[in-house]
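Trainee: Could you take me through this model? I would like to begin with helix packing.

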Amino acid sequence: MERSSVSAPRRIWQALKPRPQNLGTEQEQDQVKPSEQPLSMVALDQQGLFVIGAARSGTTVFQNALNSSSEIFLLGEPVLQKDPGTADFAARYNAMHRSWGNQENKSSFCPPLLTADGTWQDYLTQLATLYRYVGSKIVVNPEHARQTCQELFEFHCRHFYRSHYVFTFRNPIDVLMSTRGLAELLGSKAESYEVVLKSFLHVIALYIRFLRNLPNVAAVFHEDIGQEVFQRTGEWLGADLDNASEYYDQTRVRHYTLEEVPEHSRELAISVIEIYQDLRGQNAEGVRLVQLEQNSNHILATHFTPLGALHKRIEQILGTP
C-alpha cells in the first residue's frame with residue numbers, strides 16, 4: 001500500500017485539530033473563528049516577522065538564528081493560514097512539536113502566557129507586548145505548493161500586510177535531493193523530481209509577488225549567509241542580531257550535484273538552477289524597478305525589466321493556474 005505523503009507528525013497535528021460540530025448560533029460560529037476577524041489590542045501587522053521558504057531551504061536555521069535575539073519570538077510552522085482559530089492553540093501546537101521530538105525553545109514551544117489556553121491571535125497579541133517582533137517560520141512543502149502559496153498571500157495581506165518577511169533560498173539541487181531524501185528516511189512518499197523543482201519555483205514566484213505588493217520584503221541565500229547578512233538584516237529590522245551567525249556551520253551542510261538528478265528531470269533542473277542564479281544575482285545588485293508595470297504577453301524583449309523577465313520564465317514553466 002502506498003504511504004500517505006503527509007508525515008506522521010503532521011497527521012498527529014491534523015488529528016489534534018478540533019472539528020467543530022453543532023456550533024449553534026451564527027454569533028457562536030464567529031467566536032470559534034477569530035482568525036477571520038480583525039486583530040485588536042496591538043497592531044500585530046506592524047510587529048509581524050515571518051521566515052518563508054521551500055522545504056529544506058534553510059528556514060529552520062534562519063528562524064533559530066533570529067530567535068537568538070531578545071527582541072524576536074518566532075513560532076515554528078504553526079500553519080496559521082489553516083488554523084481553525086479555536087482557543088486551544090498552545091495545546092495543539094505544543095503537542096505537534098512534542099510528537100516531532102523537539103525540545104522546548106522559542107522555535108518549538110508556545111509558553112503558557114494566558115490564564116487559559118487561547119487562539120493564535122491571543123498568543124501573538126500577548127507576545128507582542130514582550131517582543132519587538134513576533135511571527136513564525138513558514139515552509140512551503142512540495143505537495144499543493146501552488147495552493148499553499150495562494151493561501152499564504154491572501155492570509156498575510158489580510159492580517160499582516162505591514163509585517164516584515166524574509167524569504168530563504170538555497171541551491172535548488174540541494175533542496176531537491178534533501179527534500180526527497182528526508183521523505184524517504186521518514187518512510188513517507190517522496191514527491192517526484194518535477195513536483196519538488198516546480199514547488200521551488202512557486203516559492204520564487206511567491207517572493208516576487210510579496211516583493212511587488214507588500215512593503216517589507218527581503219531575501220537571503222543560504223550560500224551567502226554569514227555575519228554580513230545578519231548585520232544587514234539587523235539594520236533592516238532595527239534588532240540586535242550580533243550572535244545570529246553563530247548558528248551557521250557550513251561544514252554540516254550536504255551538497256549535491258546535477259549528475260545525481262535522473263536524466264529525465266535534468267533539463268527542468270537546469271532551468272530552475274538558471275532562474276535561481278538570476279534571482280540571486282538580481283538580489284546581490286539590488287532588485288530594481290519593482291513597480292514598473294510588466295505584461296507577460298508583450299512581444300518585445302526590451303519591454304521587460306530583469307524581474308519581469310524572470311517572472312515570465314517562471315510562468316512559462318509553471319503555466320497559469
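Mentor: Helices here are DSSP runs of H or I with at least four residues, and strands are E runs of at least two, numbered from the N terminus. The model is predicted, so local features need pLDDT of at least 70 and side-chain atom pairs 80 or more, while totals for chains, interfaces and linings use all residues. Residues are numbered from 1 along each chain as its sequence is written, and side-chain values use heavy atoms, without hydrogens or water.

Trainee: At what angle do H8 and H9 cross?

Mentor: The axes of H8 (residues 172-185) and H9 (residues 193-213) cross at roughly 130 degrees and come within 10 Å. That makes H8 oblique to H9.

Trainee: And which residues meet there?

Mentor: Pro172, Val175, Leu176, Met177, Thr179 and Arg180 of H8 meet Tyr193, Val196, Leu197 and Phe200 of H9, where contact means heavy atoms within 4.5 Å.

Trainee: Changing topic: where does Tyr131 lie?

Mentor: Tyr131 is in the loop between helix H6 (120-127) and strand S3 (133-140). Leaving out residues up to four places away in sequence, Tyr131 touches Gln47, Ser70, Glu71, Ile72, Phe73 and Lys106.

Trainee: How far is Tyr131 from Ser69?

Mentor: Their C-alpha atoms are separated by 9.6 Å, although Tyr131 and Ser69 are 62 residues apart along the chain.

Trainee: What does Phe169 contact?

Mentor: Beyond neighbours within four places in sequence, the contacts of Phe169 include Ser57, Phe200, Tyr207, His222, Glu223 and Leu279.

Definitions and conventions
Axes fitted to C-alpha atoms, helices over the stretch in contact; angles between N-to-C directions. Parallel < 35°, antiparallel > 145°, perpendicular 65-115°, else oblique.
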